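Good morning, colleagues. Please take a moment with the sequence and the structure on the screen, and then I shall go through the ligand site, the nonpolar cores and the aromatic side chains in turn.

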Amino acid sequence: MKLNQKRVLITGASSGIGYQLALQMARQGARLALVARSEDKLQSLRQEIEKHHGIAIPMPTDISEAETIYQTVAQAASQLGGLDLVIANAGVGIVMPAHKMKPHHVDRMLQVNLQGAIHTLLAGLQLMLDSGGGQLVGISSLAGFRGLPQSAVYSATKSGLITFMESLRVEYRHKNIRVTTICPGFVHTPMTEKNTQPMPFALSAEKAGSKIISAIEAEKKLYCFPTPLGYGIRLLHCLPNFLFDPLVGLNR
Ligand SMILES: NC(=O)c1ccc[n+]([C@@H]2O[C@H](COP(=O)([O-])OP(=O)(O)OC[C@H]3O[C@@H](n4cnc5c(N)ncnc54)[C@H](OP(=O)(O)O)[C@@H]3O)[C@@H](O)[C@H]2O)c1
């Protein structure tokens with residue numbers, strides 16, 4: 001899918017990867033609906049995009065409220081004249097030992113990373129089926145391939161999203177619904193700025209954004225990056241538990 005004149009909705013557009021996706025897609029001529037809670041940040045992104053003659057509509061929304069997401073997606077389609085591409089990118093990453101997690105940490109990650117993403121994509125799917133097709137993109141994570149220490153809930157939400165995307169892909173493959181699952185490794189964004197653990201092969205949000213856009217344009221089914229970490233984590237995926245457990249639990 002070439003992005004010029006495409007109608008795109010992006011969640012989590014106020015920051016990090018989503019911000020970069022919006023900015024770079026606008027430069028390629030896409031018309032955008034920008035979704036996140038922070039209206040001020042969405043407005044300044046809109047101004048930035050308009051400086052370069054792009055089109056972007058801020059749509060402040062809390063995607064942990066299911067009904068609200070469907071309304072936002074419908075409004076975006078009505079204002080842009082339809083939707084060609086919906087990107088479920090908004091996410092929350094809380095890294096801590098599982099026994100220290102409070103119910104609100106668990107609820108937030110489930111509500112945003114999994115439920116919010118699912119509702120966003122289902123709202124997009126329904127519109128696309130009515131209009132003859134489109135592309136759905138879910139921003140998961142390499143952390144979704146195996147349960148990692150300190151990330152039990154985060155890994156579970158990202159794993160759930162990978163499986164959800166796969167179901168959509170096979171279920172709608174004859175309906176002109178293209179499905180792309182993106183699994184980034186470490187990216188420097190506000191989500192990771194307080195991370196005290198090493199972040200091997202970490203990329204800037206700008207670089208991650210351009211890699212994700214190339215994968216979307218190529219309509220890849222699954223895109224894991226950066227390449228060395230992508231291969232590494234998929235190798236871990238195949239590793240039997242008796243090797244995986246001591247390796248990943250090392251030094252803990
Ligand atoms: N950074 C990494 O290393 C990394 C690696 C793999 C995968 N990912 C995934 O990439 C995606 C983007 O992450 P990022 O690193 O760019 O994080 P980020 O900079 O913290 O951005 C997260 C975005 O999600 C939005 N968001 C959070 N809660 C929301 C809610 N309830 N309703 C609507 N929007 C909400 C935030 O906007 P508001 O606060 O304005 O609502 C923000 O725009 C996430 O799904 C993340 O899991 C990131």
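I begin with the ligand, which has 29 residues around it; those that come nearest are Ser15, Arg37, Ser38, Tyr154 and Thr189. Please bear in mind that this is a predicted model.

A polar side-chain atom of Thr189 is placed 2.6 Å from an oxygen atom of the ligand. For Ser14, a polar side-chain atom lies 2.7 Å from an oxygen atom of the ligand. Ile63 takes part through its backbone: an N or O atom there is 2.9 Å from a nitrogen atom of the ligand.

Let me stay with Arg37. Because its relative accessibility is 59%, and the threshold is over 50%, Arg37 counts as exposed. Leaving aside residues up to four places away in sequence, Arg37 touches Pro60, Thr61, Asp62 and Arg108. Its C-alpha atom is separated by 8.4 Å from that of Met59, which is 22 residues apart from Arg37 along the chain.

I turn now to the interior. In soluble globular proteins, nonpolar side chains tend to be buried together. Here the largest nonpolar core has 38 residues, and the members touching the most others are Leu9, Leu121 and Leu136. Which elements each supply at least two residues of this core? They are strands 2 (31–36), 3 (55–60), 4 (85–88) and 6 (177–184), together with helices 3 (66–80), 4 (103–131) and 5 (152–171). Helix 4 gives the largest share, 8 residues. Another core, of 34 residues, lies apart from it, and includes Leu23, Ala26, Ile87 and Ile212.

As for Leu9, its contacts beyond four places in sequence include Ala33, Val35, Val73, Ala76 and Thr120.

Finally, the aromatic side chains. The structure holds 1 aromatic pair. That pair is Tyr223 with Phe225, with 5.2 Å from centre to centre and 15° between the planes; because planes under 30 degrees apart count as stacked, the pair is stacked. Are these two residues buried or exposed? Both are buried: the relative accessible area is 15% for Tyr223 and 0% for Phe225.

One further ring remains, that of Phe244: the charged end of Arg146 sits over it, 3.7 Å from the ring centre.

Thank you; I am glad to take questions.

Technical notes. Residues are numbered from 1 along each chain as its sequence is written. This is a predicted model: local features need pLDDT of at least 70, side-chain atom pairs count only at pLDDT 80 or more; totals for chains, interfaces and linings use all residues. Side-chain values use heavy atoms; hydrogens and water are left out. Rings of Phe, Tyr and Trp (its six-membered ring) pair if their centres lie within 6.5 Å; planes under 30 degrees apart count as stacked, over 60 as edge-to-face and the rest as tilted. Buried means under 20% relative accessible area, exposed over 50%, partly exposed in between (1.4 Å probe, protein chains only). A charge sits over a ring if NZ of Lys or CZ of Arg is within 6 Å of the ring centre and within 35 degrees of the ring normal. A nonpolar core is a set of buried Ala, Val, Leu, Ile, Met, Phe, Trp, Tyr and Cys residues joined through side-chain atoms within 4.5 Å. Helices (H or I, at least four residues) and strands (E, at least two) are DSSP runs, numbered from the N terminus. Contact means heavy atoms within 4.5 Å. A residue is near a molecule or strand if one of its heavy atoms lies within 4 Å of it. A polar contact is a pair of N or O atoms within 3.5 Å; within protein, one must be able to donate a hydrogen and the other to accept it, and residues adjacent in sequence count only if both atoms are side-chain atoms.
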